[in-house]
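The entries follow the order in which I looked things up.

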Amino acid sequence: MNTFLIILCKDLMIEWRTRARFASMLIFGVLVVVIFYFAVGVTVSEQKTHFIPGLLWMAILFASMIGLNRSFALEMENDAISGLALAPTDRGFIFLGKASSTAILLFSNAVLISTCFSMGFGLSLLNIIWPYLGTCALASIGIATLGTLFSGMTVRTSHQEILLPILLLPLLVPVLLGAVGATTSLLIEQETSEKSLRLLVVSDAVYLVLSFLTFEFVLEE
Amino acid sequence: MIWLRTTGWLSALLVPAYLFSVYQAPVDAIQGVAQKILYVHVPCAFAAYLGFLLTAIFGAFYLATNKRHHDHLAAAAAEVGVLFCGLVIVSGPIWAKATWGHWWSWDLRLTLTLLLFLIYVAYLLLREFTGDSERAARFSAVYGIAGLFVIPINYFAIDLAGGRTMHPENLKGDSLGSGMTLPFLLGVATAFSVFFYLWAKRVSLRVAHARLEARKRS
Amino acid sequence: MTNVLIDSVGISKNFGERTALLPMSLKISCGDRLAVLGPNSAGKSTLLRLLSGLSRPSTGYIETANTGPSRLRKDLRGIVGYLGHSSMLYPALSPLENIEFSGRLYGIPHPKERGTFLLNELGLLEFKNERVGTLSSGVLRRVAIARALLHEPKVLLLDEPFAGLDYRSGEILEKLLSQISHSHPDRALVLVSHDLSGAARLTNNALFLSKGNHTVLGAPTKGDWSEAYRHAQNSLEKTE
C-alpha cells in the first residue's frame, strides 16, 4: 500500500516540475474546443445542445490519449522503469501509483476542458457541478486505469502513439457512453442518470481489478 | 494432427450438406431470398465470439503456465476468429440493405460485433508491433483477457445508449419458420467445424514455424 | 542454514529468434566474488538481468535461500542490488530525491540520511540537489551505484561499474567495493568488467561468456585473467 503512495507522490512531483503532460493536454483540449466550435456552427441552437456532451467527452478522451502516451514515456528515460521493476514489491501497487497520478492529471484536464466548453458553448455547469465533477472523476479513473495498463505495453512497441488509441478506444466505450449519458442527463434533464453512473462504476471496478492483476505481466521482461 | 484430420473430414461432410440445405430452405415470405444470409451471418457470429473466448482463455493459460503452445492456440484462435468476424460485418450490411434499404444501422448487436472486430484487429496489431515474440505473447494475452471482460460491458453500455433498435430479437425456439431450423443448425455446426479445422491448421503452422526458428538458433 | 544466496538452474534467455544465453546453472553463495568476463554481446548483461530478477529466464528457474522458485521473483529482487547500463534515474529529480524514492520503495528507514551518507562516500555530495538531467554520465553512474548499495543487498550485481568513470572516481569506487567485501563476508559480488586486472583485484573467480556459452576460469593467475581469458576465448570459439 505504501508503494502506491510513494509512486503517486513521485509522479506528481515530477509532473509539477516539468508540467509537460498537463500543458500539452490542456492546449490540445482548448484547440479541440475551438475546432468544434467552428465545426458545429457559431450559434448553439436547441437541437445542437444534444450533441454537446458527446463533443465534450470526445475532446476529453482525445486529450487523455496524449497524456497517456506520455505516462510511461517519463519512465523510459534512463530506463527508470527497470528501477521500478527491481523493487521488491507487488507490482500491482506500482500500477496503482501510476494510474492514480494519471487519473489526477486526467481529472484536472477534464475539468479545465469542461470549463472551456461551457464558456465556448454557453453551458451552465455550475448548478450541476457536484454530480458533474463526480462523473468526471469516475470517467478519469476508468480512462487512467486501462490507459496506464496499455501504455505500459505500447511504450515498448514500435508505433506506440497510434497503437495506444487502437488498443484503448474499443475498450473505453462503456466509459464514454456512461460519461456522455450522465452529462446529457445532467445538462438537459437536470437530473442524475443512475444507469449511466452504475455503468461507470462497474466499468471502473472491472478495469481496476483487471489491470491490478495483470500489470505484473506488462512490467516484467 | 488428429484434431486436424477429424475437423477436416467433418467440415468436408458438413459444408456440402449445409449448402444444400440452404438451397433447399423455403424462401421467406417477407424478406425474400435475402433472408437466407441469416444462415451465414448468425453462425459466423457464434464462431467469431467463440474465437475471442478461446483467444482470451488460452492467453490466460499462457500467463499461468508460460507454455508456448498456449500462446500458439491463443494467437491462432484470434487469426481465425477475425476472419469469421469479418464475414459477420460484411454479411450484415448486405442483409440490411436488402431488407431495410440502408447499409448500416447502429444497432446493438452489429455495433458490438464491429467493436469485437476492432478489438481483434487491435490484438493482432499489438502482436505485430511488439518486436520480441515472448513479449508479444504476454502483452496480447493481457489484452485478450481485458477484451473478454469488457465485451459484455460493451453490450450493456450500448444497450443503455438505446442501441436495441433494428436488429431482430434473439432467435427463440419457435421463431424460425418451418424448414428453417435444419439449415440454421447445420450452419452453426458447419461454422464451428470449419473454425476448429482452420484453428488446428493455423496452430500446426505456428508450431512448425517455431520449430524452424529453434533450429536456426542452435 | 545454507550459504547459497542465489541458485539458478538451467537458465537461458531467448529474445525471439536470438539466443542471448544458452542454458547454464550458477550458484551464488556468501562470500563469492565473481567476475563475468567476455567479448561484447556475450550474454553478460543478460545473465545479470536474470540474476537480478528483472528478466524472466526462458528456461530453468532461480531460487533464493529462503524460498523455492518464485514466479514473481519478489524475494530475489529484495536481496539483490543491481547496476545496469542505464542509470535508472529520473531526470527531473535530484540524486538525493532519486535515492530517497528508491529507499522508500525498498522500505529502508531514514532513506535520506543513508542516501546522503552514500553520496558522501562516493564523493558526490556537491551534486546531491542538482537535477539529474543536468549531470554528466560519470556522475550519474556513481549515483546509480549509490542506489544499488542503498538497501545493503546480500548480492551486488554490477554491470560495468567503472565504465565512464575518471581515474579518481574509479579509485574511490574500487576502495568502497573492497571495503564492503571485507567487512561483510556474508555478501556476494558479481561484477561485469572489461578491465581484467581491475576485476582481478576485487574478485576471486571468473566466468567467461562468449555468444551465450560459458566456462569457469577459476582464480586469477598473477593477479590477472588475461591468459585464462585468451585461452577460454580460443577454446569456446573452436567449439562454435
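Predicted model: local features only at pLDDT ≥ 70, side-chain atom pairs only at ≥ 80, totals over all residues.

**Entry 1. Chain A, overall.**
I counted the secondary structure of chain A and got 10 helices and zero strands. Read along the sequence, the pattern is α-α-α-α-α-α-α-α-α-α. Next I checked the dimensions. The C-alpha trace of chain A spans about 55 × 30 × 30 Å along its principal axes. I then looked at burial: 54% of the 221 residues in chain A are buried. Last, I looked at contacts in chain A with a separation of 6 or more. Of these, 82% join residues 24 or more positions apart.

**Entry 2. Where chain B touches chain A.**
I listed the contacts between these two chains. On the chain B side 26 residues take part, and they meet 24 residues of chain A. Which helices of chain B supply at least two residues each to this side? They are helix H4 (108-129) and helix H5 (133-160). H5(B) gives the most, with 16 residues. I sorted the chain B side by class and found 21 nonpolar, three polar and two charged residues.

**Entry 3. Where chain C touches chain A.**
I repeated the listing for chain C. Here 23 residues of chain C are in contact with 20 residues of chain A. Two or more residues come from each of helix H2 (74-79) and helix H3 (95-105) of chain C. H3(C) has the largest share of this side, four residues. By class, the chain C side holds 12 nonpolar, seven polar and four charged residues.

**Entry 4. Helix H1 of chain C.**
I went along H1(C), residues 44-52, and checked burial. The helix is mostly covered, with nine of its nine residues buried. Charged side chains are on the list too: C:Lys44 and C:Arg49 are both buried. Just after the helix, C:Gly53 takes a positive phi of about 90°.

**Entry 5. Strand S6 of chain C.**
I then turned to S6(C), residues 155-159. Why is this strand largely enclosed by the rest of the structure? Five of its five residues are buried, so the strand is largely enclosed. I checked each face. C:Val155, C:Leu157 and C:Asp159 are buried on one side, and C:Leu156 and C:Leu158 are buried on the other.

Which strands pair with S6(C)? Strand S5 (residues 80-83) of chain C pairs with S6(C) in the parallel sense over four bridges. In that pairing, C:Leu156 is the bridge partner of C:Gly81. Strand S7 (residues 188-192) of chain C also pairs with S6(C) in the parallel sense, over five bridges. There C:Leu157 stands opposite C:Val190.

Notes: Residues numbered from 1 in each chain as written. Chains lettered and ligands numbered in written order. Contact = placed C-beta atoms within 7 Å. Buried ≥ 20, exposed ≤ 12 C-beta atoms within 10 Å, placed from the backbone. Pairing = 2+ DSSP bridges.
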